[in-house]
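Here is a quick tour of one protein chain, written for someone who likes cut-offs spelled out. Have a look at the model first, then read on.

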Amino acid sequence: MSRVTIFGAGYVGVPTGAHFSRTHKVTIYDPDTEKINTIRKVIENQSDELHIHEKDLIELLRENHENIFLTDNIEEALKNPEFIFIAVGTPPNEKGRANLKYIYSAAEQIAANLSNDCIILNKSTVPPGTAYLVEDIIAKGLKNKVNFAVGSCPEFLAEGTAVEDLRTPDRIVYGCDDREALDKITHFFTFLQSSDSLCPMTTLSSELTKYAANAMLATKVSFMNSLAILCDTIGANVREVQEGIGKDQRIGSKFLNASMGYGGSCFPKDTQAIAEYAILQDSPLSIIESTIKINDATTEYFYNKIVEDFKDNLSGINFVIWGIGFKARTDDLRESKPVEIAKKLMDNGAHVHIYDTVPGALVNFERENSKYSGSFTLHHDQYEMFSNEIDGLIIGNEHEKFRNPDIDKLTTMKHKYIYDGKNILNNYLIRYLTKLQFQYKSVGKDSVVNGRDRTKLVSFLQDKYMD
Ligand SMILES: NC(=O)c1ccc[n+]([C@@H]2O[C@H](COP(=O)([O-])OP(=O)(O)OC[C@H]3O[C@@H](n4cnc5c(N)ncnc54)[C@H](O)[C@@H]3O)[C@@H](O)[C@H]2O)c1
């Protein structure tokens with residue numbers, strides 16, 4: 001059992017701390033007293049509300065409460081840890097680069113308070129080389145004579161499934177150039193996970209692996225989104241193409257779902273950050289630059305499908321949005337595509353009725369969008385807002401409650417437009433909705449409703465492909 005301190009009680013720090021506490025003694029430190037008190041109340045059974053929404057997290061914290069110590073006091077946080085995991089935010093700055101100010105402040109605090117030998121690992125997503133920077137800051141500011149090593153241990157959990165992702169990871173990537181420290185990190189993880197999943201490497205490779213993974217996944221999504229737009233143009237169905245290529249094991253079926261674009265706290269920030277980093281290093285990653293451009297263009301494409309139905313005039317138009325979190329089961333609205341769409345609609349005069357299965361997502365939306373007050377209404381019931389004043393339904397995320405809607409409850413809509421931002425309705429349902437006079441729009445499945453113009457394609461081929 002090792003003694004571990006986690007810096008940061010956010011979406012990564014709390015689930016990671018709870019997971020480590022299965023086999024290690026964990027201190028979770030955050031200068032934000034409110035967050036620390038919120039977790040404490042939950043652990044002590046005085047409340048069931050955490051500041052982040054994660055399945056099974058509360059149970060895990062309570063189960064292992066004897067191994068968890070919470071503090072907002074830096075001296076307490078650094079009482080004898082063998083490992084420190086830094087899991088503070090690295091939000092984008094105005095140039096799209098990762099802002100390292102929280103990493104800096106964590107490193108300075110460690111330098112000023114560390115009083116025993118320790119291994120420090122960055123869990124935050126950071127530009128390659130940051131571990132060296134942290135090492136230098138600590139070395140310069142160190143108050144006590146101690147030995148320390150700094151490495152990288154990027155996090156790959158996905159919000160909404162963090163507890164499960166941590167319990168059964170495909171891989172645990174960590175890097176440290178100090179061989180002895182690297183062995184100690186391996187030892188630390190062997191108490192937690194299967195050794196098959198361990199991927200020790202150098203510090204720089206580990207830091208780059210995190211960006212590489214997110215950029216690769218985002219690129220898969222943008223690739224499918226470009227294909228989806230081509231599908232709409234020629235009359236193919238992107239869902240069928242997805243299935244056809246996804247069954248090829250070299251490609252794999254995950255992250256092939258075309259949609260209104262990827263969002264969330266990681267993909268947009270991390271693709272931007274690594275693209276910018278590579279430019280600054282004179283080694284541009286033009287494929288990732290394209291991924292980002294395609295993502296923005298796909299959202300615009302989807303939005304335009306909505307507004308063109310109302311001849312660009314949204315004044316007095318009422319929309320329902322099902323799912324405001326960037327994906328199902330999260331209250332995190334950072335870079336959420338449904339939020340982006342909602343704001344554009346409201347900016348152009350529409351009113352939006354918002355429902356999400358996670359009440360915290362609605363609370364966050366209200367808090368972050370007070371300037372739109374009066375232009376939106378929040379709902380805790382999926383159907384209560386449907387009436388003859390509703391003009392369109394937008395499916396914002398992939399929650400299963402949205403896959404098979406109770407169609408009877410939608411039939412009161414004034415204009416029966418359904419915009420499927422996640423392509424989750426199946427072909428059968430789409431055809432059924434069409435029979436009931438609904439108009440279905442998505443990204444890459446227009447052919448299910450419109451069919452295909454065979455004659456046009458034949459003349460196109462005759463014209464361009466016969467020498
Ligand atoms: N959210 C995700 O799904 C996810 C997944 C993988 C990796 N990451 C990366 O992990 C890092 C953390 O992300 P997050 O979503 O948990 O952020 P978050 O904003 O939810 O949490 C960060 C926490 O750090 C705290 N903090 C700031 N300065 C501190 C300091 N000096 N000492 C201790 N705590 C401090 C803040 O108060 C905040 O509670 C980021 O680099 C992010 O890119 C996030």
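## Ground rules

This is a predicted model, so local features need pLDDT of at least 70 and side-chain atom pairs count only at pLDDT 80 or more, while totals for chains, interfaces and linings use all residues. Residues are numbered from 1 along each chain as its sequence is written, and side-chain values use heavy atoms, with hydrogens and water left out.

## Two domains

The protein chain splits into domain 1 (3-201) and domain 2 (213-450), with bounds that come from an automatic or database domain assignment. Their C-alpha centres lie 33 Å apart. Across the boundary, 19 residues of domain 1 are in contact with 17 residues of domain 2, where contact means heavy atoms within 4.5 Å.

Helices (H or I, at least four residues) and strands (E, at least two) are DSSP runs, numbered from the N terminus. Take β5, residues 118-122: five of its five residues are buried, so the strand is largely enclosed by the rest of the structure. Buried here means under 20% relative accessible area, exposed means over 50%, and partly exposed is in between (1.4 Å probe, protein chains only). Both faces are covered, with Cys-118, Ile-120 and Asn-122 on one side and Ile-119 and Leu-121 on the other.

Who sits alongside? Strands count as paired if DSSP finds at least two bridges between them. β4 (residues 83-86) pairs with β5 in the parallel sense over four bridges, and Ile-84 has Ile-120 as its bridge partner in β5. To get from β4 to β5, the chain goes through helix α5 (residues 101-113), a right-handed β-α-β crossover. Right-handed means that, with the strands pointing away from the viewer, the path from the first strand over the helix to the second runs clockwise. β5 also pairs with β6 (residues 148-152), in the parallel sense over five bridges, and Asn-122 stands opposite Ser-152 in β6. The β-α-β crossover from β5 to β6 runs through helix α6 (residues 130-141) and is right-handed.

## Helix α2

Which residues of α2 (residues 33-43) are buried? They are Ile-36, Thr-38, Ile-39, Val-42 and Ile-43. These cover an arc of only 160 degrees around the axis, which puts them on the same side of α2; the arc is that of the directions from the helix axis to the C-beta atoms. The buried residues pack against α1 (13-20), β2 (25-29), α3 (57-63) and β3 (68-71).

As for the ends, Asp-32 caps the N-terminal one, with a side-chain oxygen 3.1 Å from the backbone nitrogen of Glu-34. After α2 comes Asn-45, whose phi is positive, near 60 degrees.

## Two buried loop phenylalanines

Phe-386 is in the loop between β11 (376-379) and β12 (392-395). Its relative accessible area is 9%, which makes it buried. Leaving out residues up to four places away in sequence, Phe-386 touches Val-320, Trp-322, Leu-393, Lys-409, Leu-410, Thr-412 and Met-413. Phe-386 and Met-413 are 27 residues apart in sequence, and 6.3 Å apart in space, C-alpha to C-alpha.

Phe-326 is in the loop between β9 (318-322) and α13 (337-347). Phe-326 is buried too, with a relative accessible area of 13%. Beyond residues up to four places away in sequence, Phe-326 touches Glu-159, Gly-263, Gly-264, Ser-265, Asp-332, Arg-334, Ser-336 and Lys-422.

Key:
A polar contact is a pair of N or O atoms within 3.5 Å; within protein, one must be able to donate a hydrogen and the other to accept it, and residues adjacent in sequence count only if both atoms are side-chain atoms.
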